[in-house]
Amino acid sequence: MTVSALADRLPVPVAYDERAARRTLRAQIARLERELAALAPEVSPRDGIRWSIGSEAGPRLLGLGELERIRDDLAERLHEIRETLAARAAREAEQRALLERMLRDPARHRFVRVGAADVGEPGCGVWHVRPRLGLIGMLAGWWHVKLSSGCPLSRVVA
Amino acid sequence: MSTPEDGWVAEDLRAELPRLGVVTLTLPAPRGGRSPQGVRDHLDMLSVRFRGADALALRQRPIPHAYRVCFRHVGLDPDTTRVPIEAAAIERLVQGGFVSRGLLVDALTIALVETGVPLWALDADAVDGPLGLRLATAEEDLGAASGARTASAGEIVVADANGPIAPLFGEPAASHLPSSGTTRLLLFAVSVAGVPRLDVEEALWQCAEVLG
């Protein structure tokens, strides 16, 4: 087979359509933005999540590299937020299990405290295993779980 | 009062962002700067209707979401440079309500909060020809006032026949803002992919109705 015949069999190089690539990246960015938006109501300020990924000195038309950077940063941010939420859900499940054990058997969980925030509940309540009647209960082994209600009263800062 | 008109979009911009556009409406300028009681009541009603939970869910709603996506596409970070409806929501939460700031600003706020579509107002007589969107060339001034900001080359700007007036989603140049001597207003909205034309027109009509 001659060289020219071999060359005829090679695939013809396809012109790389950058515009189509940018369109695809924009669609991916839109999808990631939608997924991030869906997580927004689940995030609490205590999670300390940073949403911003930084700007590209816009408003202007972005090149392939800049769109890729935004897409990658959004994907990374989405991953971080999902990990943070999953870790918090695991922590809360652990604390809820502890609370159940405290309620079942207070004597085995003396002076253990679980806050409402620790189990993903709103408010400032705290479940606290305490002895009934103070020292007498402590000596007699009379333990129970008390739920303190409400948030601390605001105080004037000196 | 005219009907909403589409502005022009430069070819290079249209090729990349085909649904980006500008829609304008010309109307007589209102007399008097202070909002009448009815408009202030409308703002109060919106303040009551718009709460923290709504602000949280805002970015899931289709129109604010569309603007967030467009911000990303043009290199703005919507978590740093807030989309207008989110900026209004934060201001509402910080101030405890939508504060009246004069008839024109109140009308723009009402249209924004009701529809999610941001509007800007210009002095129609300061604008030369139809408005449109294009990329700025090097060192173009935004507006005619001395000390005006210079647009950077390639920046997307709202422009008329004379030159750029405002950066995309940014405040217009002081030379084109309505003043006490303004007789005609030019309202404009930036339409983006994902925002139905009906909502853009609704925003313009709402604003015009409040300015009545």
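Trainee: How are residues and chains labelled, and which parts of the model count?
Mentor: Residues are numbered from 1 along each chain as its sequence is written, and chains are lettered from A, with ligands numbered from 1, in the order in which they are written. In this predicted model, local features need pLDDT of at least 70 and side-chain atom pairs count only at pLDDT 80 or more, while totals for chains, interfaces and linings use all residues.

Trainee: What makes B:Ala107 a buried residue?
Mentor: A residue is buried if 20 or more other C-beta atoms lie within 10 Å of its own, exposed if 12 or fewer, and partly exposed in between, with C-beta atoms placed from the backbone. B:Ala107 has 25 other C-beta atoms within 10 Å, so B:Ala107 is buried. B:Ala107 belongs to helix H6 of chain B; helices (H or I, at least four residues) and strands (E, at least two) are DSSP runs, numbered from the N terminus.

Trainee: Why is B:Arg184 called partly exposed?
Mentor: B:Arg184 has 16 other C-beta atoms within 10 Å, and therefore falls in the partly exposed class. B:Arg184 lies in strand S10 of chain B.

Trainee: What does B:Arg184 touch, not counting residues up to four places away in sequence?
Mentor: Two residues are in contact if their C-beta atoms, placed from the backbone, lie within 7 Å. On that basis B:Arg184 touches B:Thr26, B:Pro28, B:Ala29, B:Ala124 and B:Asp125. B:Ala124 is 60 residues from B:Arg184 along the chain, and their C-alpha atoms are separated by 5.4 Å.

Trainee: Which residues does B:Ala107 contact, leaving aside its neighbours within four places in sequence?
Mentor: They are B:Cys207, B:Val210 and B:Leu211. Those three are among the buried residues of H7(B), which also include B:Val200 and B:Ala203.

Trainee: How do you know that the length of H7(B) agrees with its number of residues?
Mentor: The expected span of a helix is 1.5 Å times one less than its number of residues. H7(B), residues 197–211, has 15 residues and should span 21 Å; its end C-alpha atoms are 21 Å apart, so the two agree. B:Gly212 follows H7(B) and has a positive phi, near 20°.

Trainee: Why are H5(B) and H6(B) called roughly perpendicular?
Mentor: Axes are lines fitted to C-alpha atoms, for helices over the stretch in contact, and angles run from 0 to 180 degrees between N-to-C directions. Angles under 35 degrees count as roughly parallel, over 145 as roughly antiparallel, 65 to 115 as roughly perpendicular and the rest as oblique. H5(B), residues 84–95, packs on H6(B) at about 105°, with the axes 10 Å apart. Therefore H5(B) is roughly perpendicular to H6(B). B:Pro84, B:Ile85 and B:Ala88 of H5(B) meet B:Thr109, B:Leu112 and B:Val113 of H6(B).

Trainee: How many helices and strands are in chain A, and how many of its residues touch chain B?
Mentor: Chain A has four helices and three strands, in the order α-α-α-β-β-α-β. In the contact between the chains, 24 residues of chain A meet 25 residues of chain B. H2(A) gives the largest share of the chain A side, eight residues.
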